[in-house]
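Please walk me through this structure in plain paragraphs, starting from its parts and how they pack.

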Amino acid sequence: MSRFDLKGWSGKLLRVDLTAGTCTDEVLNEQWAKEYLGGRGLGTKYFTEEVAADVDPFSAENKLILATGPLTGTYGAANGRYMVITKSPLTGTIASSNSGGYFPCELRYAGYDMVIFEGKAEHPSYLQIHNNKAQLMGAVHLWGKSTQDTEDLILAEFHGDAKVAAIGPAGENQVSFAAIINDKHRAAGRTGIGAVMGSKNLKAIAVRGTGGVKIADPAAYREAAIEAYGMLKQNPVSGQGLPALGTPVLVNVINQLGALPTNNFQKDTFDGAEAISGETLASTYLKRNKGCMGCIIGCGRVTGLAGARFSGDGEGPEYETLFALGSACGVDDLAAITKANYICNEYGMDTISVGATVACAMELAEKGLVSEQEIGMPLSFGDADALVKLVEMAGQREGFGEKLAMGSYRLADSFGAPELSMSVKKLEFPAYDGRGIQGIGLNYATSNRGACHVRGYMISPEVLGLPEKLDPQATADKAVWTKIFQDFTATVDSSGVCLFTTFAIGAPQFANFCTAATGAEFTEETIMEIGERVYNMERVFNLKAGVDPSQDKLPKRILEEPISDGPLKGEVNKLDQMLPEYYQERGWSAEGIPTDERLQTLGLA
Amino acid sequence: MINIQFYSLLRLLLKREKFELPAVVNETVGQLLQRLQQQLATPFLQKLLDDQGTPIPGTIIMVNRRNIHHLEQLETQVQDGDVVALFPPGAGG
């Protein structure tokens, strides 16, 4: 058996064969750990080594990997994150989805860096892990339950202090944008990973761990943590803005800018923005803020509804949800949006994709392409009650929910209007219109999992001015900035640390953390190189999966239909001016294929 | 009049959504902010500007929905009827 001598990582993964019902410990590949770190990078390395790119996402041959990073569960920044890696049923690309909370840390404390699920269970099952020991349990009694009820039942029968990640009915029903929910309210949301979990008859993972994370150089780690803590506290975004108002603070910012997609991107300013803003949330349904384990930012929103129409308790809505279930659908009813958010968490669904898919359906109805009879109710932009109803129907795959469960692209395509799906590679856009903010449009077009903002958050330089202000309407220099953001994000996603820390700390701090934690040497340069390696590895997988460079595109509306209103009226995305330069910056061919030379430099060929 | 709108931490701090000031000929955004501070009892400028009086990284100040960073920064002139929106640093995802 190979050895794993480094610290930081636990050095051990758990392989669960759902078909055979076995759980086996394996030593983590030390060389890969140094080259790919953990989380998104190391999880994708294992996935691409073990799974053929043409695999059917819902087949037993597809695998589902839960991967922490070497910093997950340590102190110092916001180190409570993990990634889920598989092949996406929504996009057909590599899927990796990030979440934070307490579950990821508990997995480390139980002795594992990673869990690889393969095969398919004959009956509904869930995994119990208790300090280096794992076993599969029957989950027939949990099937059909919400994510919260599932967690409560598991805590009662397994261990009261266990941490749980589960799918809800949406994952069981293989809704194409189903999520995995951990700690009841935190979502590994995007790309349909919950549907893959459901296809394997895997209901939940419950973990109890009382160990720790071994640090190679505790004194150096403490020094790195003190430095990062100070930078996070002093930074006005991570130290003040995010704790006070969370991500919803952006509703008014982006609406004022004129880039808040409204009515399925037919407008970019929303008359109801103030009603669904972070400021309004803070004065209505917000109870308190909340952090993931060890987080000093605490951007989470604990909320409650006690109205006659909608009631319940939960977490959210975040900014993205306020867009998708709000402005994208023309809905300015904050209680309805919050309720729909709760339903998404209970059923286990990505709020962005389900909201954007309902918005697409609203435009199909507006244009007379789908009838009231087919939907089962009248549907128009701004209809809050219909929104709440349709979100639940999507999770249940009931009635028109069967169509919604396919995602916006397949929905629009089935009614002969695929151009009304606001998506890239079939993944629905998040809450920033790439027509008025050029670089985020380039990132959407080139993101390895489709239209995703947190693969290269160009909003930071283009809107927020961090680390420096770029003109959002200019195309110059956007290629190089997009590459830097994409690569650094891939490293952060591989470390176990929250992306929000990067408003305050950068590659030098990550190098210090990783070196002190693991005992391997990391520099600012190697930190960036890891990200580039991960990005190219994902790209190569997508190419093998048949997602070719022709998919590095944006919908016709974003490229050809100028913004109709607001301060950015008349703008379109100028992707053709940025994409060639982007390929060049990446060292890819003019056609967007990674060159052998580039892959060799990165150790990928 | 100039309509000044408060967002995010400023709204929590000042407990108001907006404030109106009469326009002054040839006034800049920087001068307007100083005049606003004199009118309001609660200190708020430190949420937007550093010790040198320049916008803290992440601060967004818009005049008629245009970011002053792409205009004349704090030297951007304001006039009667303008809407000035003040956002202390914040972010989302």
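Two residues count as in contact if their C-beta atoms, placed from the backbone, lie within 7 Å. With that cut-off, the buried residues of helix 21 of chain A pack against helix 7 (218-234), helix 20 (478-495) and helix 22 (524-544) of chain A. The model is a predicted one.

Helix 21 covers residues 507-518 of chain A, and its twelve residues should span 16 Å at 1.5 Å a residue; the end C-alpha atoms are 16 Å apart, which agrees. Eleven of the twelve residues in helix 21 of chain A are buried, and the helix is mostly covered. Among the buried residues are A:Phe510, A:Phe513 and A:Cys514, along with A:Gln509 and A:Asn512. After helix 21 of chain A comes A:Gly519, with a positive phi near 90°.

Seven of its ten residues are buried, so helix 8 of chain A is largely enclosed by the rest of the structure. These buried residues are A:Pro236, A:Val237, A:Ser238, A:Gln240, A:Gly241, A:Leu242 and A:Leu245. The cover over them includes helix 7 and helix 10 (278-282) of chain A, together with helix 1 (9-14) of chain B. Just after helix 8 of chain A, A:Gly246 has a positive phi of about 65°.

Chain B holds an open sheet of five strands in the order 2-1-5-3-4, with mixed pairing. Strand 2 (18-21) and strand 4 (66-67) of chain B are at the edges and have a single partner strand each, so one side of each lacks a neighbour in the sheet. Within the sheet, strand 3 (residues 60-63) and strand 5 (residues 83-87) of chain B run antiparallel and are joined by four bridges. B:Ile61 has B:Leu86 of strand 5 as its bridge partner. Helix 2 (residues 29-39) of chain B packs on this sheet, touching strand 1 (2-6), strand 2, strand 3 and strand 5 of chain B, and its direction makes about 105° with that of strand 2.

At the domain level, the assignment for chain A gives domain 1 (12-208), domain 2 (248-424) and domain 3 (438-503 + 523-601). The centres of domain 1 and domain 3 of chain A, taken over C-alpha atoms, are separated by 27 Å. Contacts between them involve 35 residues of domain 1 and 24 residues of domain 3 of chain A. On the domain 1 side, helix 2 of chain A gives the largest share, seven residues. The residues of that side divide into twelve nonpolar, 17 polar and six charged.

Terms used:
Residues are numbered from 1 along each chain as its sequence is written. Chains are lettered from A and ligands numbered from 1 in the order in which they are written. This is a predicted model: local features need pLDDT of at least 70, side-chain atom pairs count only at pLDDT 80 or more; totals for chains, interfaces and linings use all residues. Helices (H or I, at least four residues) and strands (E, at least two) are DSSP runs, numbered from the N terminus. The expected span of a helix is 1.5 Å times one less than its number of residues. A residue is buried if 20 or more other C-beta atoms lie within 10 Å of its own, exposed if 12 or fewer, and partly exposed in between; C-beta atoms are placed from the backbone. Two strands pair if DSSP finds at least two bridges between them. Axes are lines fitted to C-alpha atoms, for helices over the stretch in contact, and angles run from 0 to 180 degrees between N-to-C directions. Domain bounds come from an automatic or database domain assignment. Ala, Val, Leu, Ile, Met, Phe, Trp, Tyr, Cys and Pro count as nonpolar, Asp, Glu, Lys and Arg as charged, and the others, Gly among them, as polar.
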